[in-house]
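Subject: A structure for you to look at

Hello,

Here is the structure I promised to pass on. Please open it first, and then read my notes below alongside it.

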Amino acid sequence: MRCSLWVLALTTIACASHAAPPSTVLPPASATRLAAGARAQPHFGGVDYTFTLDAGITHIATRACLHGAAPPALVAGDADSARYMSGARLLTPTGSRALAVKNGVIDLRAAPNDACLAYEVDMVAATNGDRWWLGARSGPSVIASIVLFLWRPHVAAGELHGTARFVLPQDMQLSVAWPKEGDSYLLDPSAFQFDGHVVFGRFDALQVQAPSALLEVAVLQGMPAQTRPWIVSWLQAASSAVGAQIGRFPVPHAQIIIVPVFRPGMHFGFGDTGRSGGVSIAFFMPADVSEQALRDDWVAVHEFCHLTLPYVDRNDAWLSEGMATYLQEVARARAGLISAQAAWQSIYDGSQYGREAIDTLAAETRNMPVLHNYKRVYWGGAILMLSADVELRRRTQGKVSLFDVLAQLSAEPKEILRYYRAVDLLARMDAIAGVPVFSETAARYLNAPKFPDLDELYPALGLVPEGAGLRVLAQAPLAWARDAIMARGPVATSVALAGGG
Ligand SMILES: [Zn+2]
């Protein structure tokens, strides 16, 4: 039943970068009022969670022990997840006392220092609800969003930190991206600031070595056994293609979840990247996927390309999605997975979606949740990124490319787990590049009445539309940049480490 909901999403969404940005995780106004004047000494010093699951994964029983002064409230990760929490109570030496809950806020104003509290999350209701991304059952497993069960202290984002322990029935497996120390997982501010995925249940655990990185893969039951080596090869090819462009995979560790979707004839085209305390990517894959379909796939490269940038506000998704869409073509061509001609053709074909635009790229991006104009936004952003890449190469006489900027941007792994508005990230990229091509290109295209197109750029690159194809001219002002962008380079290698489970 859940699969039909996934399919519903699959028909409209090519890819989602799944995260709860600060703008959406800010608590409701009532919590903001609670915060005023409610801070006291000693300061809030973190929170230790214990999540206990039953064999049927019907509930997550949570115990949260606060260090130091209690924050004024514990707040839901988002409005939808608040519906599935109940039983909030303060644990006292003699028992427990119910805590007031309103609009996704557990009131802790009367809680003492070093308080412990408890609450339950109804996993049956959550996985039967109409929010497929919050929780879904897949065979003996549940894939759930972190925001479904991680209610967080209402304190400044920088003060959010803690640990998490899971108490699981015997034989139940767990997949989560949070770093582990001893028997606890460490929660940094990003664990609370963004969303991510967790899997409880039974699954095949694989490890794939990407360039300078380890991919921990959970293949949920329902994917036929013969797909295992195909999935490993697919992840190796995609991670190597992306890693080769910046010298390493963008992050040292990533959690990968393969979720089977049962719908004959369905095309594979959906991934969901989370950043709660670490990188997690869920791929919703047809259970009848073929080896060839995985060889031809672009989704894994696209999701991995997202990791070259920090989290970008969804109102600025033209940047994050445009970057991933542009790079998915360039990285595959440079790695030899597709030809340069095919990559230029895809970008040209993608640009044609802009002809249906009814507004500027900035406005179309803001309205994406309503208009479902994903292709226009993704490819409009991709043209913007191509334009910036060409301009960067032109102004630096070919000495600096977009990949050089991205390599430096992601040199500090934690950077990927930070939040940016586009204006700030573009300024950062300008500073790395040494020329303000990113801000200038955005200023030129973003609010222009004419949607970004290739009418001027492609002829300058020596790419001429001809019928349904493209003619590549040897002589053109920027032919050198064209050839440099798609030039084949050394491909970083990745190998499978282990399999089983
Ligand atoms: Zn994407």
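Among contacts in the chain between residues at least 6 apart in sequence, 75% join residues at least 24 apart. Please keep in mind that this is a predicted model. The chain has 501 residues, and 50% of them are buried. You will find 19 helices and 26 strands in the chain.

Leucine 53 belongs to strand β1, which covers residues 44-53. Is leucine 53 buried or exposed? It counts as buried because it has 21 C-beta neighbours inside 10 Å, and the cut-off for that label is 20 or more. Leaving aside residues up to four places away in sequence, leucine 53 touches Ile60, Leu168, Pro169, Met172 and Phe200.

Next, have a look at helix α9, residues 299-306. This helix is mostly covered, with eight of its eight residues buried. They are Val299, Ala300, Val301, His302, Glu303, Phe304, Cys305 and His306.

From α15, the residues Val405, Gln408 and Leu409 meet Met429, Ile432 and Ala433 of α16. By class, this contact of α15 with α16 has five nonpolar residues, one polar and no charged ones.

Helix α16 (residues 422-433) also packs with α17 (residues 437-445): their axes come within 7 Å and cross at roughly 135 degrees. The pair α16 and α17 is therefore oblique. On the α16 side, Ala422, Leu426, Ala427, Met429, Asp430 and Ala433 take part, and they meet Val437, Phe438, Ser439 and Ala442 in α17. The residues of this contact of α16 with α17 divide into eight nonpolar, one polar and one charged.

Enjoy exploring, and do write back with any questions.

Best wishes

Methods. Residues are numbered from 1 along each chain as its sequence is written. This is a predicted model: local features need pLDDT of at least 70, side-chain atom pairs count only at pLDDT 80 or more; totals for chains, interfaces and linings use all residues. Helices (H or I, at least four residues) and strands (E, at least two) are DSSP runs, numbered from the N terminus. A residue is buried if 20 or more other C-beta atoms lie within 10 Å of its own, exposed if 12 or fewer, and partly exposed in between; C-beta atoms are placed from the backbone. Two residues are in contact if their C-beta atoms, placed from the backbone, lie within 7 Å. Axes are lines fitted to C-alpha atoms, for helices over the stretch in contact, and angles run from 0 to 180 degrees between N-to-C directions. Angles under 35 degrees count as roughly parallel, over 145 as roughly antiparallel, 65 to 115 as roughly perpendicular and the rest as oblique. Ala, Val, Leu, Ile, Met, Phe, Trp, Tyr, Cys and Pro count as nonpolar, Asp, Glu, Lys and Arg as charged, and the others, Gly among them, as polar.
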